[in-house]
Every structure is written in C-alpha cells, then in structure tokens.
Amino acid sequence: IIPITTEYRNHEIVCDCGNCQQGSYPEGLTNHIQYGKNIQSIIIYQNVYQYVPFKRLQDFFGKIMGLKISKGTLENIIRRTSKKAENTYEQLRKVIEVSFFVGSDETGAKLKGKKMWFWVWQSAIVTYIVAACTRSKQVIEDTFPQGLPNSILCSDRLAAQLRTLSKGTKIC
C-alpha cells in the first residue's frame, strides 16, 4: 500500500517597500505534517473498534505503508476524534438512563500501564463504557447522578451496583 502524499510550500518575499508578502496554506491545513481522513479513519477503526494498541499501529503503518507515525500523533488523532463524538456519546448514556432493562459490569484492565476499571452498561440496543481509576460507587454516581430509576439493573452483585437507585435488580 502506497500512501498518497501532498506537499505544500508557503513562500514569502519582501517587496522593495519593505512589506513582507506571504502566501497562505489551503483551508484546514494547520501543521507541517498532517494525515488525511483515510489514515485517520484507519487509526480510529483499528484502535477503538479492533483494540489495536499504539505500538502495533506504529508497526503496521511503518511496515505496510512506509509511514512513521509517532505515539503522540496517534493519541492526538484519537483525542480529536473523540471530541467530535462527545454529543453522540452523551446520547448513548441517555438511552441507558431510560432503558427498562440494563446489564452492568466492570472489569480491570491496564491503560498506559496503569490499572483501570472499565464500566459497562448495556441495554437491548446500546452499550455505554466508562474508563475509571476506581471500582467505587462514585463512578456510577458520576455517570448516572439520578441512578437508573426506570430500569431493572442486572449485575454480578458488586455492592456499588446493588446500591444503585433502580426500579429493581437481577443477579447474573
């Protein structure tokens, strides 16, 4: 796979009158190196959907496409894209909040070498995931401040989940 690259140059000249004239870059060009929508889409898909870690992404782009992409660039692309998804993410949370039946669980995993907890709430149509530093009830309260008063909450009997305000509970 050979990526298509485009180089833009911005020239300037100082007139006889001393005024500096400088060209401008195309709209949307904000840095000396940028990756287009196709590369960004592959990064997001592979990291977020397929859970491919940064080191393996770097290896893929280097060996398959001949692109050297830093971990910082990968992280920046994912961070920018996640900001675009914040509205949708909040809508997913609201669907869980009003769902009749919600399954909930949490699992430990390492994130940047640090132990984290990934909390999951799932309805018949939506899955909502939150990464947190703790396994405490505070995560539930921060995510669903009013609890889940319209929901039957199914969990594995973690005390934090059992204390969540809900219409009723089921144990799995």
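Hi everyone, let's start with a cysteine: C154 counts as buried, because its relative accessibility is 13% (buried means under 20% relative accessible area, exposed over 50%, partly exposed in between, with a 1.4 Å probe and protein chains only). Before I go on, this is a predicted model, where local features need pLDDT of at least 70, side-chain atom pairs count only at pLDDT 80 or more, and totals for chains, interfaces and linings use all residues. Residues are numbered from 1 along each chain as its sequence is written, and side-chain values use heavy atoms, with hydrogens and water left out.

Back to the cysteines. How many disulfides does a search of the whole structure find? It finds 0, a disulfide being a pair of cysteine sulfur atoms within 2.5 Å. For C154, the nearest cysteine sulfur is that of C172, 4.2 Å away. C172 is in no disulfide either, and with 66% relative accessibility C172 counts as exposed.

C154 also takes us into the strands. It is the bridge partner, in β6, of G103. Strand β3 (residues 101–111) pairs with β6 in the parallel sense, over 3 bridges; two strands pair if DSSP finds at least two bridges between them. Helices (H or I, at least four residues) and strands (E, at least two) are DSSP runs, numbered from the N terminus. On to β4: β3 and β4 run antiparallel and are joined by 9 bridges, with K114 in β4 as the bridge partner of L111. Their hairpin has 2 residues between the strands, and K112 there takes a positive phi near 55°.

Y51 is not a glycine, yet has a positive phi of about 60°. You will find Y51 in the loop between α1 (37–49) and α2, and it counts as exposed, at 66% relative accessibility. R157, also not a glycine, has a positive phi of about 80°, and sits in the loop between β6 and α6 (159–162).

Now, the inside. Which residues have the most contacts inside the largest nonpolar core? They are I96, W119, W121 and L148, in a core of 16 residues. A nonpolar core is a set of buried Ala, Val, Leu, Ile, Met, Phe, Trp, Tyr and Cys residues joined through side-chain atoms within 4.5 Å. Two or more residues each come from β4 (114–122), β5 (127–132), α5 (137–143) and β6 (148–155). Another core lies apart from it and has 12 residues, including I43, V52, F61 and I77. In soluble globular proteins, nonpolar side chains tend to be buried together.

Finally, the charges. The structure holds 7 salt bridges, each a side-chain nitrogen of Lys or Arg within 4 Å of a carboxyl oxygen of Asp or Glu. In one of them, E7 meets R9, with the closest N and O atoms 2.9 Å apart; E7 is exposed at 61% relative accessibility, and R9 is exposed at 62%. R79 and E75 form another, at 2.8 Å from N to O. Those two are separated by about one helical turn, because they are 4 residues apart in helix α3 (residues 71–84). Helix α5 holds both K137 and E141, 4 residues apart, and these two form a salt bridge with the closest N and O atoms at 2.9 Å.
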